[in-house]
Amino acid sequence: MKIAVCMKQVPAVSEGNMDPETGVLLRAGLEAIVNVYDLSALEAALKIKDSRGASVHVFTMGPAKAENVLREAFAMGADEGWLICDKAFAGADVLATSYTLMQSIRAAGDYDLILCGKQTTDGDTAQVSGGLARWMNLPHVNWTTEIMDISDADMKVRYSMENRMVTASVSLPCLVSVEKDSFVPRMPSLKLKISGKKKEIHVLTMEDLEDKDKEHYGLSGSATRVRKIFPPPRTKQQEPVTLGGAGAAEYILSQLGHANLS
Amino acid sequence: MRKSNIGEWSGILVYVECRKGKVHPVGRELIGEAWRLAEELGAAVYAVAAGSGLDDISSQLTGCPLEKLYLYETDDEYTPIVYENIIAGCIEKLKPSIVLIGGTYEGRALAPRLAVAFESGLTADCTSLEIDTEGNLIQIRPAFGGNVMASIVTAHSRPQFATVRPGVMEPVFEESLREPVIVREMVNLTDERFKVLEVKETESGDSITEQNILVVAGRGVRKKEDLEMLRELSELLGGKLASSRALVEKGWMSPREQIGLSGNAVSPQYMITCGVSGTVQFMAGMKQTKNIIAINEDPSARIFEIAHYPVCGDLYGIVPELIERLKMQKGDDFTGI
Ligand SMILES: Cc1cc2nc3c(=O)[nH]c(=O)nc-3n(C[C@H](O)[C@H](O)[C@H](O)COP(=O)(O)OP(=O)(O)OC[C@H]3O[C@@H](n4cnc5c(N)ncnc54)[C@H](O)[C@@H]3O)c2cc1C
Ligand SMILES: Cc1cc2nc3c(=O)[nH]c(=O)nc-3n(C[C@H](O)[C@H](O)[C@H](O)COP(=O)(O)OP(=O)(O)OC[C@H]3O[C@@H](n4cnc5c(N)ncnc54)[C@H](O)[C@@H]3O)c2cc1C
């Protein structure tokens, strides 16, 4: 069985990374980390590898330094790493990102299962995996909490929907996005980390893909444009009321009562 | 991206999610928003629903200013390929310029499939929508866990897909007398690749995402036992107790009760935070709350930047007083919220 896992490198955001005057995101100097949600996708793949044997390939699209994502994945137990890296891929939105991932996974081979994280911590759309499934013409299981009874032909999955848990039988190949807390990532192993350092990384550029039309990738292939980035509007900081226990309780009740009337 | 002949696409289509014959509340919220945008555009609003037992859908949408309502009778439980095909078929027929979808489990599964099917743009989890001078939809959404707001346009392809989380938009309130034209169809689509075996309802009405009022406990709560006092407050108000991640990490509260980036997004009418500092990750999950009352002893706590009613003080002094007063009121004719 061959499993593809999609993992993204994201900036380790903290506060103050945005210029409050211009609203420009100060990406420079930001530490880059693996999107935490994707570690759970990798864990789900490694669980299958542990139980029935599988070759786990990790795909990451990003700048050259996204190679670190692959090294980290090797240290957890991934077998192969694919770095999807080309200037032409930059600035991609959900549509273009999922298209590029589809082209890359196809160029790398046939996979029985594709695993994604639930969302990223930067773009945070949680929509790339659904788009990728559609480009690949595959069924997609969202919010997966359990992968059971996996065979070469199909598997049983459990996933969340609003107010309900659904169990379904899905045939392979298919795409699964996993819930973070259901697949707690294992610790990297020192031994694998060391051997992973020497592992060859497969680099995919546009030349390696079937579709070589530049217009389909990156910013030109994107349907959306970020027109403006700005700090979140804030309710003007009000001076907090300081009234002591009883006074504060009265104040809160009057606000609740007031709101209740409207 | 597929460049569209923009002029061929007009009107706004709302995906009305329904299950067991009941419309999800986000449907009326989206129609309300669609109507506001449609007036600006001089365009019509349409709605589409799929599922089984759709007889009462139109009556649940009375008062909504809809031009047409499309009802597709099919399996009630969402599966990706069947639902995509149905809704894509409707879009193909209608050619709407904008498609609004609820940011629910179902909506967020469906939206990217549709966007790719039409090779058009999708903006996820919009918190506000506007129309620009050229008639494009300006979609405003948070990113980086709420650190940044982005305004996004889909200028050259149609439809413009957007998802909006429940509780973000005002539900339609205008009572329209217009009776929509109802188009009903039976769909015989099955997907051999995806078979639903079992659907198990989790307790509904219980989740913190469905509450009108939440009391939220943060690290300012010193002992696990002290949570009982906050739970009592939430019950007196007819709501539930939720928490920041700090208390989930301590094992005092469950992840299902956690608000925030890695927990639940909530948008109750009222929230009282007790000893929560207001980190970005926390605020990413509660910004849409209508009335935020924040209790914190630190006058410079960040939670005060978004609180509508900031209260500086010791939660151990304030909460017992609140409980006492609520109990007294309950004795009179206080009916809860
Ligand atoms: C402020 C801001 C707002 C944005 N808003 C939008 C928007 O509304 N619509 C839009 O189309 N684009 C938007 N983008 C662009 C979007 O962030 C990028 O297109 C990004 O490539 C896609 O998604 P994501 O980070 O949201 O991934 P998600 O959809 O949240 O990711 C889901 C999963 O897909 C996989 N995945 C995603 N990206 C990669 C990758 N590069 N390599 C490997 N696997 C990956 C991972 O498994 C991940 O867990 C925005 C960008 C910014 C900076
Ligand atoms: C990737 C990532 C995801 C995360 N996701 C989430 C998430 O989903 N949700 C979340 O909540 N956090 C999340 N966090 C964690 C977050 O960074 C904080 O650790 C957490 O929000 C802090 O919770 P708090 O406000 O309760 O505690 P603190 O920040 O410790 O604040 C406690 C506050 O209580 C006040 N206080 C103390 N005593 C009293 C008193 N007697 N009366 C009144 N006030 C008092 C203090 O002044 C202080 O402001 C995430 C972090 C990361 C890195």
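Throughout, a residue counts as near a molecule if one of its heavy atoms lies within 4 Å of it. Ligand 1 lies between chains A and B. The model is predicted, with local features needing pLDDT of at least 70 and side-chain atom pairs counting only at pLDDT 80 or more, while totals for chains, interfaces and linings use all residues. Residues are numbered from 1 along each chain as its sequence is written, chains are lettered from A and ligands numbered from 1 in the order written, and side-chain values use heavy atoms, with hydrogens and water left out.

Let me begin with ligand 1. It is surrounded by 32 residues, A:Lys8 and A:Thr120 being among the closest. For polar contacts (pairs of N or O atoms within 3.5 Å), A:Asp38 places a polar side-chain atom 2.5 Å from a ligand 1 oxygen. From chain B, an N or O atom in the side chain of B:Arg141 is 2.9 Å from a nitrogen atom of ligand 1. Of the 940 Å² of accessible area that ligand 1 has on its own, the protein covers 94%; areas come from the Shrake-Rupley method with a 1.4 Å probe.

I turn now to ligand 2. Its surroundings comprise 26 residues, with B:Arg219 and B:Ser277 among the closest. Oxygen atoms of ligand 2 lie 2.6 Å from an N or O atom in the B:Ser277 side chain and 2.7 Å from one in the side chain of B:Asn296. Taken alone, ligand 2 exposes 990 Å², of which the protein buries 79%.

Note on methods. Polar contact = N/O pair within 3.5 Å; in protein donor to acceptor, adjacent residues only side chain to side chain.
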